[in-house]
Amino acid sequence: MTPADKHADYDLTTLAARAGEEARPNASVPLVEPIYQSTVYAFADLDALDGAMSGAEPAAFYYRNGTPNAATLERALAVLEGTEATLVAASGMAAISAAFLGVLKTGDHVVTDARVYGVTYALLAEEFPRLGIEVSFVDACDLSEVEAALRPNTKIVHVESLTNPLLTVPDVPALAKLAHNHGALLSVDNTFASPAVFRPALHGADLITHSVSKYLSGHSTAFGGVLCASAELVALARTRLLRLGGTMSAFDAWMTMQGLKTLGLRMRAHSGNAQAVADVLVNHPRVKAVYHPGLSDHPQFHLAMDLYPHGFGGMLAADIEDAPAFVKALAGRIPLAPSLADVITTLSWPWGTSHRALPEAERQRLGITPGLLRISVGIEDIEDLLGDFETALD
Ligand SMILES: *Cc1c(COP(=O)(O)O)cnc(C)c1O
């Protein structure tokens with residue numbers, strides 16, 4: 001008997017469509033979850049399908065509603081962030097949009113730190129006003145400014161745990177109290193920190209978002225986002241996300257799971273290396289300023305030490321005397337690449353990339369000068385890394 005005999009009566013068109021699936025092994029299971037590339041699932045009978053559709057029996061049925069790989073990643077991230085539920089999405093922006101749209105309706109108001117990620121800024125400044133949602137931009141490190149901006153219709157206060165590119169540290173516990181006293185939610189984009197160094201839910205945050213494309217996956221190979229929150233807030237966001245079509249791909253969920261397994265080890269290395277690089281750069285005559293929460297001249301140094309007992313991750317920024325020459329001198333060793341959180345060290349140039357759209361005077365006012373470089377410090381051997389930087393500076 002050959003495999004073909006089982007299908008003896010069928011035409012090749014039928015065989016091409018059906019054959020092969022029966023070879024799937026049952027006696028063992030893969031140690032690592034496979035990638036579920038199926039866009040739809042089969043059910044044994046109507047009861048099983050009814051159970052899945054009604055939500056009584058958790059089961060995958062159609063890709064847009066979520067794949068088994070996404071469900072696995074959601075479970076892992078709920079454990080790491082310490083929230084009841086999570087929702088993964090096609091990008092960090094999809095997760096942030098869904099988190100906001102789950103809560104907000106026309107007539108509501110948002111207070112946000114003005115230093116948030118550029119596309120989040122554009123979402124709040126340009127898209128939400130079109131929906132009749134008002135937004136106030138404040139300095140979230142100034143609690144009295146946040147308080148003054150709160151209104152009876154304020155639903156969300158939004159900040160980033162560590163801001164881009166100058167690594168300011170808003171007081172998340174105090175902001176959570178302030179927001180809650182006014183009946184609003186605190187939303188924290190925790191992308192720069194990762195739950196390995198900061199868990200906003202433990203400090204009162206209600207909506208926690210990430211671009212998983214950064215530290216959570218960690219190798220510049222996976223793309224996606226996540227919202228971590230209560231089951232109720234996640235359900236509201238999930239409805240919006242699925243209708244708007246922001247499903248994360250099974251492949252990206254699977255890739256993120258592989259990266260996530262080393263998050264703790266990577267963040268320890270990122271944090272230690274970034275502190276060492278900051279300590280060396282701050283003493284170098286060609287470096288005009290260094291921005292890192294672990295330096296004693298950082299404006300929120302004491303708060304940062306309280307909130308981040310295990311380091312601050314790999315991000316820092318430095319204002320370099322001759323930045324174009326410095327970048328050139330590092331070429332071939334430390335690439336200029338406008339993203340972050342890879343295991344290798346990369347540089348980015350906020351003046352010409354993330355903050356390009358801001359007027360020059362506004363960039364200067366924020367401390368974003370043409371010579372400012374953001375350094376995403378990787379997990380390389382620290383002596384090699386310091387050697388690269390010192391050689392380039394000299
Ligand atoms: C990258 C990033 C985002 C957006 O995430 P995408 O996955 O690129 O959509 C949001 N917030 C921060 C802080 C980021 O670094």
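A: Buried means under 20% relative accessible area, exposed means over 50%, and partly exposed lies in between, with a 1.4 Å probe and protein chains only as cover. Before we use that, note that this is a predicted model, in which local features need pLDDT of at least 70, side-chain atom pairs count only at pLDDT 80 or more, and totals for chains, interfaces and linings use all residues. Residues are numbered from 1 along each chain as its sequence is written, and side-chain values use heavy atoms, with hydrogens and water left out.

Q: Is Ser220 buried, exposed or partly exposed?
A: Ser220 counts as partly exposed, because its relative accessibility is 49%. Helices (H or I, at least four residues) and strands (E, at least two) are DSSP runs numbered from the N terminus. Ser220 sits in the loop between strand 6 (207-211) and strand 7 (225-229). Its backbone has a positive phi of about 55°, although Ser220 is not a glycine.

Q: Which other residue has a positive phi although it is not a glycine?
A: Ala341 does, with a phi of about 80°. Its place is in the loop between helix 12 and strand 10 (346-348). Ala341 is buried, at a relative accessible area of 1%.

Q: Where is there a cis peptide bond?
A: Look at the bond that joins Asn164 and Pro165, where omega is about 0°. Pro165 belongs to the loop between strand 4 (154-160) and helix 7 (172-181).

Q: How do I read the two sides of a helix, say helix 12?
A: Start with the buried residues of helix 12 (residues 323-330), which are Ala323, Phe326, Val327 and Leu330. They cover an arc of only 95° around the axis, so they lie on the same side of helix 12. That arc is taken over the directions from the helix axis to the C-beta atoms. On the face turned away from the buried side, helix 12 carries the exposed residues Pro324 and Lys328.

Q: Which residues of helix 14 are buried?
A: They are Leu385, Leu386, Asp388, Phe389, Ala392 and Leu393. Viewed down the axis of helix 14, these buried residues fall within an arc of 155°, so they line one face of the helix. The exposed residues Glu383, Asp384 and Thr391 are on the face turned away from that buried side.

Q: What span should helix 14 have?
A: The expected span of a helix is 1.5 Å times one less than its number of residues. For the 12 residues of helix 14 (residues 382-393) that gives 16 Å, and the end C-alpha atoms are 16 Å apart, which agrees.

Q: How many residues surround the ligand?
A: A residue is near a molecule if one of its heavy atoms lies within 4 Å of it. Here 15 residues surround the ligand, and the closest are Gly92, Met93, Asp189, Ser211 and Lys214. Helix 4 (residues 92-103) gives the most to this shell, with three residues.
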